[in-house]
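Trainee: I would like to go through this structure with you before I set up any calculations. Could we start with individual residues and then turn to the whole chain?

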Amino acid sequence: MAIQIPIFSKRTQKKIPISQQTLLLEKIAQLLDQGYSIIEALDALRWHHDWDDILDQLSNELEAGRNFDQILAELHFDQRIVSFIYFALQHGHLVQAISQSVHFIKQQLKLFNRFKQSIRYPIVLISFFLIVLFFVDLYVYPAFLQLYSTNSQPSSILLISIHIVEIIFKLLYLFVISLASLIILWLMCKDKLTITQKAKLLHLFSLPSLYVKKYMSLMFAIHLSSLLEASLSFKSCLTLIVNHNKQTLLSYYCNFLLEDLKNGISLEQSLKKHRCFEKNLTHLFEKKANRSIIKRDLSTYSTLSLEQLQLSVMKAIKLIQPTVFIFIAISIVLIYLSILLPMLQLIQTI
């Protein structure tokens with residue numbers, strides 16, 4: 001009985017960090033641009049000993065006749081990189097696709113790192129503030145109520161403040177618990193949900209849905225413009241996008257467009273009908289221009305759209321810290337006044 005040996009060992013099945021993925025591909029693109037073949041480029045990178053296993057597997061599988069994108073997928077490279085490589089193999093501009101994917105992912109990593117840096121301090125601050133509110137609500141306010149009850153009626157300011165602090169504490173507590181529960185639930189269920197269920201779930205939340213629509217429009221423009229460079233028809237381009245990976249939102253949305261094209265509906269009408277992408281993208285197909293002009297417009301749109309998406313994310317990031325600081329500052333002032341003012345009133349009665 002024949003024994004099947006897996007292509008990659010367990011040791012190499014571990015996912016490569018995204019920073020190493022982009023660095024490796026960036027080096028490969030530079031060597032390809034200098035005239036190296038893909039095998040020669042892999043051999044030239046042997047000096048980087050951390051990549052020995054990856055380079056061996058890439059070389060062996062390429063020499064065995066397997067596609068570059070399939071090997072990267074089995075090495076657990078980022079799906080965005082695999083998609084760029086897959087579509088590049090359709091039109092032959094591999095170096096351009098690698099450079100484009102590396103630049104695109106680096107921009108996303110930069111935004112993500114900025115986002116992590118911007119929320120790290122507010123998260124720590126909110127955590128400590130929740131602890132302070134807990135002790136104020138559990139120990140401080142009851143002690144003051146007992147103190148005032150022995151001398152006079154509790155201050156109305158104190159009573160109002162107690163209720164407000166209780167509301168703030170419960171809302172923050174509910175928000176943190178709900179957010180943590182949603183994250184845990186998503187991590188547990190994301191691999192079990194179908195792409196249709198994910199799309200429907202996404203549409204329930206307006207803000208994430210808006211950003212996903214912007215992102216899908218950007219990816220659609222990038223990949224469609226690259227495929228049009230291979231002189232393919234719109235139907236052939238959409239077929240490649242749909243068949244590449246049917247578990248992505250881009251494939252899910254493009255499937256609607258492809259079905260409409262098969263039924264004789266123009267791409268412009270289909271984009272307006274389903275509203276899966278931004279209106280600015282739909283307007284590009286209203287001019288009835290030839291494919292070369294549409295390809296140029298899509299390339300321009302993708303560049304401008306990426307810049308606009310980055311600016312919108314940066315604006316959202318910049319609002320996080322001031323919003324959290326203002327909220328905490330108002331709460332602290334309220335707690336301080338609720339304790340100080342009744343004390344002043346009590347002193348005046350003595």
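Trainee: Leaving aside neighbours within four places in sequence, which residues is Ser 302 in contact with?
Mentor: Ser 302 is in contact with Leu 218, Ala 221 and Ile 222, where contact means heavy atoms within 4.5 Å. Please note that this is a predicted model, in which local features need pLDDT of at least 70 and side-chain atom pairs count only at pLDDT 80 or more, while totals for chains, interfaces and linings use all residues. Residues are numbered from 1 along each chain as its sequence is written, and side-chain values use heavy atoms, with hydrogens and water left out.

Trainee: Where is Ser 302 placed, and is Ser 302 buried or exposed?
Mentor: Ser 302 belongs to helix H14, residues 291-349. Helices (H or I, at least four residues) and strands (E, at least two) are DSSP runs, numbered from the N terminus. Ser 302 is buried because its relative accessible area is 7%; buried means under 20%, exposed over 50%, and partly exposed in between, with a 1.4 Å probe and protein chains only.

Trainee: Which backbone oxygen does the side chain of Ser 302 reach?
Mentor: The side chain reaches the backbone oxygen of Ser 299, at 2.7 Å.

Trainee: Changing topic, how many residues does helix H1 have?
Mentor: Helix H1 (residues 18-33) has 16 residues. From first C-alpha to last, H1 reaches 22 Å, close to the expected 22 Å, the expected span being 1.5 Å times one less than the number of residues.

Trainee: Which residues of H1 are buried?
Mentor: They are Gln 21, Thr 22, Leu 24, Leu 25, Ile 28, Ala 29, Leu 31 and Leu 32. Thr 22 counts as buried because its relative accessible area is 3%. Leaving aside neighbours within four places in sequence, Thr 22 is in contact with Val 102 and Ile 105.

Trainee: And what follows H1?
Mentor: Gly 35 follows H1, with a positive phi near 105°. His 76 also has a positive phi, near 65°, in a residue other than glycine. His 76 lies in the loop between helix H4 (68-74) and helix H5 (79-91), and is partly exposed at a relative accessible area of 30%.

Trainee: What does Ala 41 touch, not counting residues up to four places away in sequence?
Mentor: Ala 41 touches Leu 31 and Tyr 36. Ala 41 sits in helix H2, residues 38-44, and counts as buried, at 0% relative accessibility. Its C-alpha atom is separated by 9.7 Å from that of Leu 55, 14 residues apart along the chain.

Trainee: Moving to the surface, which residues form the nonpolar patch?
Mentor: Phe 175, Val 176, Leu 179, Ile 183, Trp 186, Leu 187, Leu 201, Leu 204 and Phe 205 form the patch, with about 860 Å² of accessible area together. Accessible areas come from the Shrake-Rupley method with a 1.4 Å probe; for residues, only the protein chains shown count as cover.

Trainee: Which helix gives the most to the patch?
Mentor: Helix H7 (residues 156-189) does, with six residues. Leu 204 is placed in the loop between helix H8 (195-202) and helix H9 (206-228), and is exposed, with a relative accessible area of 65%.

Trainee: Finally, how many helices and strands does the protein chain have?
Mentor: The protein chain has 14 helices and zero strands. Of its 350 residues, 37% count as buried.

Definitions and conventions. A polar contact is a pair of N or O atoms within 3.5 Å; within protein, one must be able to donate a hydrogen and the other to accept it, and residues adjacent in sequence count only if both atoms are side-chain atoms. Patches are made of residues with over 30% relative accessible area and no salt bridge: like charges are joined within 9 Å, nonpolar side chains (Val, Leu, Ile, Met, Phe, Trp, Tyr) within 5 Å. A salt bridge is a side-chain nitrogen of Lys or Arg within 4 Å of a carboxyl oxygen of Asp or Glu.
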